[in-house]
Amino acid sequence: METKAAFRRPECVKVTFRRMKFEFEDTGFARYWVDGSPFKSLFWTQLSTAFEPGERFFIDSARALKDQIDDPALREEIAEFCRQEGHHTAQHLKFDRINEAMGIDVAGCRRRYKWILDRARNNMDPMGMLGATCALEHFTAALADDFFAKPSMFAGADPKVKALWAWHAAEEAEHRATCYDIYKQLGGGYVDRVTILIGAWALILGAAFVNTIILLHKDKKLLTTDTLQGLWYLFGRKGLITGLGPTFFSYFRPSFHPWSGVDAGTIARWQADNAKYIQNIATSEAA
Ligand SMILES: [Fe+2]
Ligand SMILES: [Fe+2]
């Protein structure tokens, strides 16, 4: 069993619910909204469909155990975490509906993610589900850090859609430690958390890849040079997936904590750059 971690955050970080309104829901966007590339666009388009079942899983995992947490600061953070994740889903569903209206098989992609998550629900106890949530939150935080550190990831993307992903990235970075701290405070073990990490990352990356290939095939865009470039975008020397390697392995350190060695300034910079999309900020105390 691991030792209890202190509830630590950088000074400038406070997990906060923000109500958002994005322009894309009024204007729409092109089917291939990332640099005109079918592969890159459909990769992110299919990933969006994971959030409705995925974030429901995260919220349920945190809520199932929150009454066992004594720390009032962490309890308050759990409430904000759940509100953030719920609002991510709501905004991504708007994005998904526009994709669906363009004839993209959003429902099929979401069904494959849900199938995996339902198996996890049926076979894991509450601490196991929380361990899976920690592993997947580590994944979303890794993508979020890369979103801000590697502008090439969304180069050429429609700025109206990119704003959705920037917000989601900022809040994933912000609440990166919420579930991990629940897990540690409740005595979650090292072997379980790293074993679950391997399975969870393999399953989400596998589902993402299968969904992308299926969408490309349906669009008759699979056997193209764009697909070769897309594979390099994911698996090349500095690719999206290969680039996640160091972050993946950092989770194996016994002393790992989601905030160690992370640049918390990205969240403040995002807020400064994207204030126009924030409708209001309501914390638990104010709500
Ligand atoms: Fe989220
Ligand atoms: Fe999250």
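His138 lies in helix H6, where helices are DSSP runs of H or I of at least four residues, strands are runs of E of at least two, and both are numbered from the N terminus. The structure is a predicted model, in which local features need pLDDT of at least 70 and side-chain atom pairs count only at pLDDT 80 or more, whereas totals for chains, interfaces and linings use all residues. Residues are numbered from 1 along each chain as its sequence is written, and chains are lettered from A and ligands numbered from 1 in the order in which they are written.

His138 counts as buried because it has 25 C-beta neighbours inside 10 Å; a residue is termed buried if 20 or more other C-beta atoms, placed from the backbone, lie within 10 Å of its own, exposed if 12 or fewer do, and partly exposed in between. When neighbours within four places in sequence are left aside, His138 is in contact with Leu197, Tyr251 and Pro258, a contact being a pair of residues whose C-beta atoms, placed from the backbone, lie within 7 Å. The C-alpha atoms of His138 and Trp201 are 9.4 Å apart in space, although 63 residues separate the two in sequence.

Helix H6 itself comprises 24 residues and reaches 34 Å from its first C-alpha to its last, close to the expected 34 Å, the expectation being 1.5 Å times one less than the number of residues. Of its 24 residues, 18 are buried, so H6 is largely enclosed by the rest of the structure. Helix H7 (residues 159-174) is likewise largely enclosed, because 13 of its 16 residues are buried.

The largest nonpolar core has 65 residues, and those with the most contacts inside it are Ala135, Phe147 and Cys179. Helix H6 (residues 126-149) gives the most to this core, with 13 residues. Such a core is a set of buried Ala, Val, Leu, Ile, Met, Phe, Trp, Tyr and Cys residues joined through C-beta atoms within 7 Å. Ala135 touches Ile196, Leu197, Ala200 and Trp201, residues up to four places away in sequence not being counted.

In the protein chain as a whole, the secondary structure comes to 12 helices and two strands, and the elements run β-α-α-α-α-α-α-α-α-α-α-α-α-β from the N terminus on. Buried residues make up 39% of the 287 residues. The C-alpha trace spans about 55 × 40 × 35 Å along its principal axes. Among contacts between residues at least 6 apart in sequence, 86% join residues at least 24 apart.

How values were computed: Two residues are in contact if their C-beta atoms, placed from the backbone, lie within 7 Å.
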